[in-house]
Amino acid sequence: MVNRVWAWHFGKPLVATPSDFGVQGEAPTHPELLDDLAARFIASGWSLKWLHREIMLSAAYQQASQPRENALQTDPTNRLLWRINPRRLDVEAYRDCILQASGVLDMKVGGTPGDLDPPENARRTVYARVSRGRMNNLFQLFDFPAATMHSPGRETTTTPLQQLFVMNSSFMQKQGSALAKVVERASVQDRIHAVYKRVLGRAADVMELRLAEDYFAAGGTVADYAQALLSTNEVTFWP
């Protein structure tokens, strides 16, 4: 359990085979750390809240992701955890972030699961229907594991189809239009700053502001601009 929670926070488990701790599985990269966390996890009454807090308040978790030349030469794969690995949001969190930014996320708790394909479905992705016979298109694009077998983790891929989805899909176009209605402002600069705060949680810098003003001066629409911002790596990757 400790190994799986660690993998959730760091993107990589301490034991690379989370479903196989036997003789044919991989050895842990940090055995003393794994044993220490496991022992204290049990001593804390098997409290997942304690485990999450212990990991997230550690110096290892709070490191920046920027590479360092000396560390790259010694440990290029970051096996020793000298930085946090940049990683992409899983499909559920990614879709929910987009719906939240566009102001349409349905926070209703419980109920019948639904198909994600209709663009008007604005419920949290945890309520998506998962079919063993026909995987949802969005799940297929963004590495959701096969529902017909056990999967200890997800493989992250980067494909042209993912980029085509954020550029052309009716879902992304609908969210861009919804966000444009939320950020209606009197001036162009106010609209730009409002979009940045909704999507990225920050104000646009000088360069970003100038590029956006040039885009609108050339006839670009707020909906298209909002969709472009929803498609950026700053949304796709963990902050």
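D36 is partly exposed, with a relative accessible area of 35%; the term covers values between the limits for buried (under 20% relative accessible area) and exposed (over 50%), taken with a 1.4 Å probe and protein chains only. The model is a predicted one, in which local features need pLDDT of at least 70 and side-chain atom pairs count only at pLDDT 80 or more, while totals for chains, interfaces and linings use all residues. Residues are numbered from 1 along each chain as its sequence is written, and side-chain values use heavy atoms, with hydrogens and water left out.

**Salt bridges**

D36 is joined to R40 by a salt bridge whose closest N and O atoms are 3.0 Å apart. Such a bridge is defined as a side-chain nitrogen of Lys or Arg within 4 Å of a carboxyl oxygen of Asp or Glu. R40 also counts as partly exposed, at 31% relative accessibility. Both residues belong to helix α2 (residues 31-43), where they lie four residues apart, about one turn of the helix. Helices here are DSSP runs (H or I, at least four residues), as strands are (E, at least two), and they are numbered from the N terminus. A network of salt bridges links D36, R40 and E54.

The structure holds seven salt bridges, including the three in this table.

| Pair | Closest N and O atoms |
|---|---|
| R40 and D36 | 3.0 Å |
| E208 and R202 | 2.9 Å |
| R202 and E234 | 2.8 Å |

E208 is buried, with a relative accessible area of 18%. R202 is partly exposed at 26%, and E234 is partly exposed at 43%.

**Overall architecture**

The protein has 12 helices and zero strands. Its C-alpha atoms fill a box of roughly 60 × 50 × 35 Å, taken along the principal axes. Of the 239 residues, 37% are buried.

Helix α7 (residues 160-168) contains L161, and V166 lies in helix α7 as well. L161 is exposed, with a relative accessible area of 53%, whereas V166 counts as buried at 7% relative accessibility. The C-alpha atoms of V166 and A228 are separated by 8.2 Å, although these residues are 62 residues apart along the chain.

L161 takes part in a nonpolar surface patch with L164 and M167, which together have about 310 Å² of accessible area. Patches are made of residues with over 30% relative accessible area and no salt bridge; like charges are joined within 9 Å, and nonpolar side chains (Val, Leu, Ile, Met, Phe, Trp, Tyr) within 5 Å. Accessible areas come from the Shrake-Rupley method with a 1.4 Å probe, and for residues only the protein chains shown count as cover.

**Pocket and cavity**

Rolling a probe the size of a water molecule over the atoms shows where empty space is left. On a 1 Å grid over the protein atoms alone, a cavity is a set of points where a 1.4 Å probe fits but cannot get out, while a pocket is an open set with protein on both sides within 12 Å along at least five of seven lines; lining residues have an atom within 4 Å of a point. Grid points are joined across faces, edges and corners, and a volume is the space filled by probe spheres set on the points.

The largest pocket has a volume of about 1,000 Å³. It is lined by 31 residues, of which G11, R87, G153, R154 and T156 are the closest to its centre. The elements giving two or more residues to this lining are α1 (2-10) and α5, and α1 gives the most, with four residues. By class, the pocket lining has 18 nonpolar, four polar and nine charged residues. Ala, Val, Leu, Ile, Met, Phe, Trp, Tyr, Cys and Pro count as nonpolar, Asp, Glu, Lys and Arg as charged, and the others, Gly among them, as polar.

The structure holds one cavity of 30 Å³ or more, and the largest cavity has a volume of about 30 Å³. Its lining consists of V91, Y94, R95, I98, L138, F142, F165, F171 and M172. Helices α5 (91-101) and α8 (170-182) each supply at least two residues of this lining; the largest share, four residues, comes from α5. By class, the cavity lining has eight nonpolar, no polar and one charged residues.
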